[in-house]
Amino acid sequence: NYTMETIEAWLDRFTEVIEQNKQVLSDLDTPIGDGDHGNNMARGVKAYQDAKEKKAPESIADVFKTMAMAMISKVGGASGPLYGSAFMAMAQASKAYETLDTAELAAVLEAGALGIKKRGKAELEEKTMLDVWWPCVEELKENQLTEEKITAYVHHTKELVAKKGRASYLGERAIGHIDPGAQSSGYLFETLIK
Ligand code: ADP
Ligand code: MG
Ligand code: MG
């Protein structure tokens, strides 16, 4: 079972991985965006850590809400409201639980993926973070998610033409580049299964 402590440990690890890969994420955003995705995400996770230090969360839902508020208020850019919507939906979906079992956690993440879909009005194969969230949730529901699969979903975005966000201005020229938001989402799922 996942307790509030294990959820916090997950998001602490996510914080570290974002900080360590800030340059990687901004470099992915350079050819098909404006080169700020790593900085945006790093600001978000830092704000999450600061908020949590100021006021310790009291439940799993509270942890997710703290992350949502940090993302919405500090990230800016497209990814802030998108991650914000995901974590806000996850807070809502976990409200009734003190701990989560594997199936419940998958359902919470499914609410997160739906939050992104709704907020971004994105469909699958549009070269966005949804192309990682959606299949990862499907695999989590079956208890079949592996690091290899996450990497494959992230890399699959290379082949796609972007239909949403800044990369959509590039048309076919976006092909051959991994979507930065797909990569940061890959880190979220990797740190989760670890
Ligand atoms: P910005 O593009 O405003 O600089 P970021 O660089 O932080 O913001 O985030 C870009 C990422 O946001 C993209 O890589 C993509 O994954 C995601 N994104 C952009 N628009 C959408 C959308 N409508 N739906 C889902 N994800 C989106
Ligand atoms: Mg950007
Ligand atoms: Mg930007």
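Modeller: The model here is predicted.

Biologist: Which residue has a polar side-chain atom 2.5 Å from an oxygen atom of ligand 1?

Modeller: Take the polar contacts one by one. The side chain of Asp34 has an N or O atom 2.9 Å from an oxygen atom of ligand 1. Gly181 uses a polar backbone atom, also at 2.9 Å. The side-chain atom at 2.5 Å belongs to Asp179.

Biologist: How much of ligand 1 does the protein bury?

Modeller: Start with ligand 1 taken alone, which exposes 570 Å². Of that area, the protein buries 92%.

Biologist: Which elements give two or more residues to the shell around ligand 1?

Modeller: The shell holds 19 residues, with Asn40, Ala78, Ser79, Gly120 and Asp179 the closest. By kind, they divide into five nonpolar, eight polar and six charged. The elements giving two or more are α3 (37–54), α5 (79–94) and α9 (180–193).

Biologist: Which residue coordinates both the magnesium ion (ligand 2) and the magnesium ion (ligand 3)?

Modeller: Ligand 2 is coordinated by OD atoms of Asp29, Asp34 and Asp36, at 2.1 to 2.2 Å. Along the chain, these donors follow the spacing D-x4-D-x1-D. The two ions, ligand 2 and ligand 3, are 3.5 Å apart. The residue coordinating both is Asp34.

Technical notes:
Residues are numbered from 1 along each chain as its sequence is written. Chains are lettered from A and ligands numbered from 1 in the order in which they are written. This is a predicted model: local features need pLDDT of at least 70, side-chain atom pairs count only at pLDDT 80 or more; totals for chains, interfaces and linings use all residues. Side-chain values use heavy atoms; hydrogens and water are left out. A residue is near a molecule or strand if one of its heavy atoms lies within 4 Å of it. A polar contact is a pair of N or O atoms within 3.5 Å; within protein, one must be able to donate a hydrogen and the other to accept it, and residues adjacent in sequence count only if both atoms are side-chain atoms. Accessible areas come from the Shrake-Rupley method with a 1.4 Å probe; for residues, only the protein chains shown count as cover. Helices (H or I, at least four residues) and strands (E, at least two) are DSSP runs, numbered from the N terminus. Ala, Val, Leu, Ile, Met, Phe, Trp, Tyr, Cys and Pro count as nonpolar, Asp, Glu, Lys and Arg as charged, and the others, Gly among them, as polar. Donors are N, O and S atoms within 2.8 Å of the metal (3.2 Å for Na, K and Ca); water is not among the atoms, so sites may look incomplete.
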